[in-house]
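Please look over the sequence and the model shown here, and then follow the text through the pockets and a pair of packed helices.

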Amino acid sequence: MSAADAAKKIVRPYGDTTGDGMVQVSFTLPVSHDKRAEGAAVQLANRMGIDPAMVVHAKPMGDEFTFFVVYGRVNHLVDLNAVQVVERDFALLSAKDVNTVIKQRLRRKLSVVGACIGTDAHTVGIDAILNVKGIAGEKGLEYYRELKVTNMGAQVSVPELVETARAEKADAVLVSQVVTQRDAHLHNTREMSAAFREAMPAGRRPLLIVGGPRFDESMTDELGVDRIFGRGTTPGEVASYLVHALITQRKAMA
């Protein structure tokens with residue numbers, strides 16, 4: 001790598017030695033497992049820019065499908081200066097600090113309603129954020145004494161969510177979406193945001209927050225929500241954002 005490339009923060013993937021360009025990808029093809037199928041996997045990898053490409057794993061997935069893992073070299077470079085991500089724009093607070101800010105500035109409990117909407121029955125994500133047991137040793141929002149948490153569980157319809165948010169006088173609505181086939185998570189989120197816009201005036205709508213492993217965090221405006229959290233989000237991050245958006249930021253704008 002030249003000095004100019006280093007200054008631009010240009011990087012290349014590697015597998016065995018730094019900068020060798022080696023990558024590993026996996027995919028499924030709708031073909032029965034045989035030598036021709038493996039040749040098809042190599043051809044696909046070549047067209048993806050992987051050359052040479054080696055099939056290091058192939059497993060039948062029924063009579064007419066095969067799962068592949070392919071290892072090989074790419075020549076693509078990554079310019080780190082051109083990478084665009086959504087940076088965290090709020091301070092991370094401890095549970096004690098979250099409770100203190102809410103008690104002193106809001107002077108009432110902050111109401112949060114959470115659910116998995118549509119046909120999504122995967123509550124692992126929403127439970128990790130809301131339930132007191134939390135995740136990876138970090139307690140969920142139920143642990144925060146100044147938060148009033150309503151966990152509606154799985155397969156909640158959008159009208160049910162809106163009505164519960166109204167009944168609980170929700171300050172924030174948290175929705176987890178794990179099912180992503182045919183972009184179900186995007187369709188469900190758009191339906192939810194549209195329903196809240198129709199049901200409540202702008203000044204009375206709760207903060208709309210969605211999370212899940214396949215969301216693009218930069219799509220808030222497109223999906224009509226206030227915040228998107230991706231994989232690896234912790235309860236503490238969500239609690240800190242609630243304080244930032246509902247108390248700190250609003251007070252600064254007043």
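On a 1 Å grid over the protein atoms alone, a pocket is an open set of points where a 1.4 Å probe fits, with protein on both sides within 12 Å along at least five of seven lines, and its lining residues have an atom within 4 Å of a point. The model is a predicted one, in which local features need pLDDT of at least 70 and side-chain atom pairs count only at pLDDT 80 or more, while totals for chains, interfaces and linings use all residues. Residues are numbered from 1 along each chain as its sequence is written, and side-chain values use heavy atoms, with hydrogens and water left out.

The largest pocket holds about 390 Å³ of space, and of the 22 residues that line it, Gly 125, Ile 129, Gly 212, Gly 230 and Thr 233 are the closest to its centre. Helix α4 gives the most to this lining, with five residues, and the lining of the largest pocket divides into 13 nonpolar, eight polar and one charged.

The second largest pocket has a volume of about 330 Å³, and among the 16 residues that line it, those closest to its centre are Ala 170, Gly 203, Arg 204, Arg 205 and Pro 206. Two or more residues of this lining come from each of α5 and α8 (235-253).

Helix α5 (residues 158-167) also meets helix α6 (residues 184-199), their axes coming within 10 Å and crossing at roughly 45°. The contact (heavy atoms within 4.5 Å) involves residues including Val 158 and Leu 161 of α5 and Met 192 and Phe 196 of α6.

Key:
Axes fitted to C-alpha atoms, helices over the stretch in contact; angles between N-to-C directions. Helix = DSSP H or I, 4+ residues; strand = E, 2+ residues; numbered from the N terminus. Points joined across faces, edges and corners; volume = space filled by probe spheres on them. Nonpolar A, V, L, I, M, F, W, Y, C, P; charged D, E, K, R; others polar.
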